[in-house]
Amino acid sequence: MSSLESPLRTSTKFQGSPSRLLLTALCASLGPLTFGFTIGYSSPAIPKLEKEKLLDGKSLTGWFGALMTVGAIFGGPCGGNLIEKYGRKRTLAIAASVFFVGWTMTGFASGIKSLLIGRTLCGFASGLITVAGPVYLAEISTKTLRGFLGASMQLSITVGIVAAYALGMACSWSMLALFGAMSSVLALLLLVCIPETPRYLILKNRRKDALLALAALRGPHTDVEDECRDIEEGFMQESGSSFSYSEFRKPELSRPLFISVMIMFFQQFSGINAVMFYTVSIFQSAGYKNSELATVVIGVVQVIATLVACFLMDKMGRKKLLIIAGSTMALTCTTFGYYYYRMSSGTHANISWLAITSLIIYIIGFSLGWGPIPMLVMSEIFPAPARGAASGIATFTNWFCAFLITKEFIAFQELFGQAGTFWIFGVCCLFGVMFVSKYLPETKGKSLEDIELYFLGRIHWRDDKSQSDDKQPMTPKLQGSGSQSSSSENNQ
């Protein structure tokens with residue numbers, strides 16, 4: 001089969017100074033940080049709310065934790081529509097504004113109604129962030145930094161979680177909520193300093209604004225005209241900028257949607273919520289009585305591992321990290337199950353070290369792969385006109401599965417036992433590894449436009465394991481528009 005030089009790869013673009021891009025990503029990261037703060041808030045706040053009788057009974061406590069996921073279930077699809085109608089940057093601003101209202105209601109709550117409404121609003125804003133954040137970072141990035149910046153969103157989330165844990169050790173529940181309100185105000189102010197994504201502006205036929213945005217992101221010495229032309233060429237490969245949900249019947253859209261939805265499913269059914277649920281009891285069984293300090297320690301492990309993932313993302317690739325991480329998580333879920341099996345038989349006294357070791361290794365594995373990569377893949381594999389709708393569907397799947405796991409976890413335990421529950425999660429991790437190995441193409445070092453062409457069947461990526469540097473040019477081969485790539489062609 002003859003190989004042709006892809007028109008998207010003939011131009012050599014100066015990538016510009018990464019400092020501008022990194023600074024822009026940093027300004028956009030305050031929204032995800034506030035999202036992480038929302039996740040971490042319930043752990044230190046619930047005991048204090050129960051002590052003050054604001055949360056009275058297990059039912060109210062359960063709903064206070066679950067309402068965040070309920071709000072996010074609706075926020076995800078809404079975010080998909082907002083990023084197409086108002087833009088990625090404005091959707092981030094809307095999310096920051098909703099966060100502010102939700103945190104303010106929570107901080108000044110005098111009764112259960114305000115607490116629950118505030119928590120739901122923060123959940124809704126979290127759903128918006130999980131759509132707008134990854135898409136914004138993917139669309140402003142160069143192909144050589146997209147993995148790093150995409151993973152940095154998960155890093156911001158973990159930093160927010162640790163901040164909530166740490167501040168919760170010293171602050172009241174109301175003061176902690178006001179810290180969340182302050183972070184959302186700071187996020188809103190920093191958004192004023194950054195541009196809209198060039199791809200969204202070109203999609204809306206605002207070419208002049210797109211050039212200005214590219215110049216702001218790449219620096220004065222970058223050939224932004226050249227990059228703008230490449231983006232426009234990518235849009236020309238599509239039927240048009242308009243989109244309807246009926247187009248998901250097309251293979252070039254149904255295939256990436258299927259991949260993203262399944263990866264979101266496997267992320268939530270990997271057992272992460274169950275592991276975090278048992279963090280305190282695991283440390284207590286090993287003799288560590290300070291449960292608040294235990295959660296901070298686990299949070300710090302997550303931050304460090306996610307930081308490592310940021311640097312590995314564009315070196316090892318998404319696919320390899322998911323496979324390594326999923327295999328690690330499957331193994332540790334098995335050892336968790338063994339620990340709880342021994343505990344149920346009354347012979348666990350001398351193996352509490354196994355639970356702590358499994359916990360730390362599991363958290364490291366999750367943070368290296370299945371934590372940051374699902375959102376990164378979601379932001380990469382959809383064509384621009386469908387990116388909002390498809391991301392909304394994928395995010396809805398993620399949050400709906402999170403709600404099911406959170407709400408039905410106790411029933412799951414009663415049905416299968418603690419050991420059986422973790423063994424089932426381990427099997428899910430293995431299925432996730434097999435799915436990624438068979439269906440997920442490696443997107444490391446590929447432009448968003450080339451990823452679109454791949455799913456259209458117009459190029460395929462050769463196995464470039466022999467290449468020592470991702471910056472070396474890759475020569476795509478011509479394929480028929482209806483052909484399907486085999487799983488071996490997907491591997492890098």
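This is a predicted model: local features need pLDDT of at least 70, side-chain atom pairs count only at pLDDT 80 or more; totals for chains, interfaces and linings use all residues.
User: Which residues touch the most other members of the largest nonpolar core?
Analyst: Tyr-362 and Trp-370 do. That core has 127 residues. Helix α18, residues 387-439, gives the most to this core, with 16 residues.

User: What does Tyr-362 touch, leaving out residues up to four places away in sequence?
Analyst: Its contacts include Ser-270, Ile-272, Met-329 and Phe-336.

User: OK, surface now. Which residues make the nonpolar patch?
Analyst: Phe-100, Val-101, Val-185 and Leu-189 make a patch of about 330 Å². Helices α4 (88-107) and α7 (173-191) each give two or more residues to the patch.

User: Is Phe-100 buried, partly exposed or exposed, and why?
Analyst: Phe-100 is partly exposed, because its relative accessibility is 37%, and the cut-offs for that class are 20% and 50%. Phe-100 sits in helix α4.

User: New topic. How many aromatic pairs are there?
Analyst: The structure holds 20. One of them is Phe-396 with Phe-400. Their ring centres are 5.9 Å apart and the planes are at 10 degrees, so this pair is stacked. Both lie in helix α18, four residues apart.

User: And why is the pair of Tyr-454 and Phe-455 edge-to-face?
Analyst: Their planes are at 80 degrees, with centres 5.3 Å apart, so the pair counts as edge-to-face. Both residues are buried.

User: Which residues form an aromatic cluster?
Analyst: Phe-336, Tyr-339, Tyr-340, Phe-412, Phe-416, Phe-422 and Phe-425 form one. Phe-336 also touches Tyr-362.

Key. Residues are numbered from 1 along each chain as its sequence is written. Side-chain values use heavy atoms; hydrogens and water are left out. A nonpolar core is a set of buried Ala, Val, Leu, Ile, Met, Phe, Trp, Tyr and Cys residues joined through side-chain atoms within 4.5 Å. Buried means under 20% relative accessible area, exposed over 50%, partly exposed in between (1.4 Å probe, protein chains only). Contact means heavy atoms within 4.5 Å. Patches are made of residues with over 30% relative accessible area and no salt bridge: like charges are joined within 9 Å, nonpolar side chains (Val, Leu, Ile, Met, Phe, Trp, Tyr) within 5 Å. Accessible areas come from the Shrake-Rupley method with a 1.4 Å probe; for residues, only the protein chains shown count as cover. A salt bridge is a side-chain nitrogen of Lys or Arg within 4 Å of a carboxyl oxygen of Asp or Glu. Rings of Phe, Tyr and Trp (its six-membered ring) pair if their centres lie within 6.5 Å; planes under 30 degrees apart count as stacked, over 60 as edge-to-face and the rest as tilted.
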